[in-house]
Amino acid sequence: MVQEQPLLEVQDMHVIFRLGRRELRAVDGVSLQLFRGESLGLVGESGCGKTTLGNAIVRLVPVSLGSISFGGQDVAFLEGKALRGYRRQVQMVFQDPYGSLNPRMTVGAAILEVLGMYRLGADRFARLRRLGELMSAVGLDPDYSRRYPHEFSGGQRQRIGIARALAVHPSLIIADEPVSALDVSVQVQILNLLKELQAKFSLSYLFIAHDLSVVRYVCQRVLVMYLGRVVESGPVDAVYAR
């Protein structure tokens with residue numbers, strides 16, 4: 001039987017920050033595999049390195065040692081145009097939806113900026129049409145695109161963050177604590193939306209969280225991090241039962 005190739009494979013990754021003469025090993029030899037259509041959970045206490053790992057995968061912080069393979073291509077040290085192409089495939093949804101949006105831009109302008117940056121859409125009319133589709137996909141009225149971030153609730157802003165991530169047709173979304181700043185009732189709505197979008201657009205998720213119940217609801221497998229290392233992994237129900 002031919003084994004499926006992972007969409008994302010991280011091998012022995014290290015992220016080391018130098019603080020004067022000291023070294024902080026935020027990620028210390030982590031390896032993982034994530035397959036197409038899968039939701040992989042990454043849990044651990046604050047400061048364990050899970051957010052740094054997510055940032056390193058999307059190349060927001062430099063990788064010190066190790067490899068990142070995406071679709072069979074080594075992407076750990078890409079630069080320039082090649083890095084932009086990789087980031088089109090791997091997008092991020094951040095914990096603080098307000099902090100990730102420019103308060104001086106309407107939310108529509110923020111999404112149109114992404115479409116223009118990657119030259120998606122034949123012209124401005126095509127991009128406006130795509131903007132309306134994205135707003136509708138995340139459960140918002142397309143007319144809301146004329147509003148500014150402060151005019152939305154936290155849950156609505158997170159929907160906008162998800163729409164912006166979807167704009168470039170990614171294969172993988174790294175969701176970094178995407179519901180931890182939201183009310184419990186709104187958390188369920190956002191989690192259900194993420195599951196619906198996964199089925200609709202064939203997405204894969206790396207879902208970073210400290211709330212075990214959230215990960216259990218969304219993910220099939222889970223990795224547990226402690227002090228920069230993966231200390232336990234397996235199917236969600238099996239890990240939680242232990």
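This is a predicted model: local features need pLDDT of at least 70, side-chain atom pairs count only at pLDDT 80 or more; totals for chains, interfaces and linings use all residues.
When the lining of the largest pocket is divided by class, 12 residues are nonpolar, 5 are polar and 4 are charged.

Another part of the model is an open sheet of 4 strands, in which the order is 2-1-4-5 and the pairing is antiparallel. Strand 2 (22–34) and strand 5 (73–74) each have a single partner strand and stand at the edges, so that one side of each is left without a neighbour in the sheet. In general, the strands of a sheet pair through backbone hydrogen bonds, and this pairing may be either parallel or antiparallel.

Within the sheet, strand 1 (residues 8–19) is paired with strand 2 over 10 bridges in the antiparallel sense. Two facing positions illustrate this pairing: valine 10 is found opposite leucine 32 in strand 2, while leucine 19 is found opposite arginine 22 in strand 2. The hairpin formed by strand 1 and strand 2 has 2 residues between the strands, and glycine 20 in this hairpin adopts a positive phi near 65°. Strand 1 is also joined to strand 4 by 5 bridges, the two strands running antiparallel, and in strand 4 serine 69 is the bridge partner of glutamate 9. Helix 1 lies across strand 1, strand 2 and strand 4 (65–70), and the helix runs at about 110° to strand 1.

Glutamate 45 is placed in the loop that lies between strand 3 (39–43) and helix 1 (50–57). The relative accessibility of glutamate 45 is 47%, and the residue therefore counts as partly exposed, given that the exposed class begins over 50% and the buried class lies under 20%. When neighbours within four places in sequence are left aside, the residues in contact with glutamate 45 are Lys50 and Tyr226. Between glutamate 45 and valine 218, which are 173 residues apart in sequence, the C-alpha to C-alpha distance is 19 Å.

Note on methods: Residues are numbered from 1 along each chain as its sequence is written. Side-chain values use heavy atoms; hydrogens and water are left out. Ala, Val, Leu, Ile, Met, Phe, Trp, Tyr, Cys and Pro count as nonpolar, Asp, Glu, Lys and Arg as charged, and the others, Gly among them, as polar. Buried means under 20% relative accessible area, exposed over 50%, partly exposed in between (1.4 Å probe, protein chains only). Contact means heavy atoms within 4.5 Å. Two strands pair if DSSP finds at least two bridges between them. Axes are lines fitted to C-alpha atoms, for helices over the stretch in contact, and angles run from 0 to 180 degrees between N-to-C directions.
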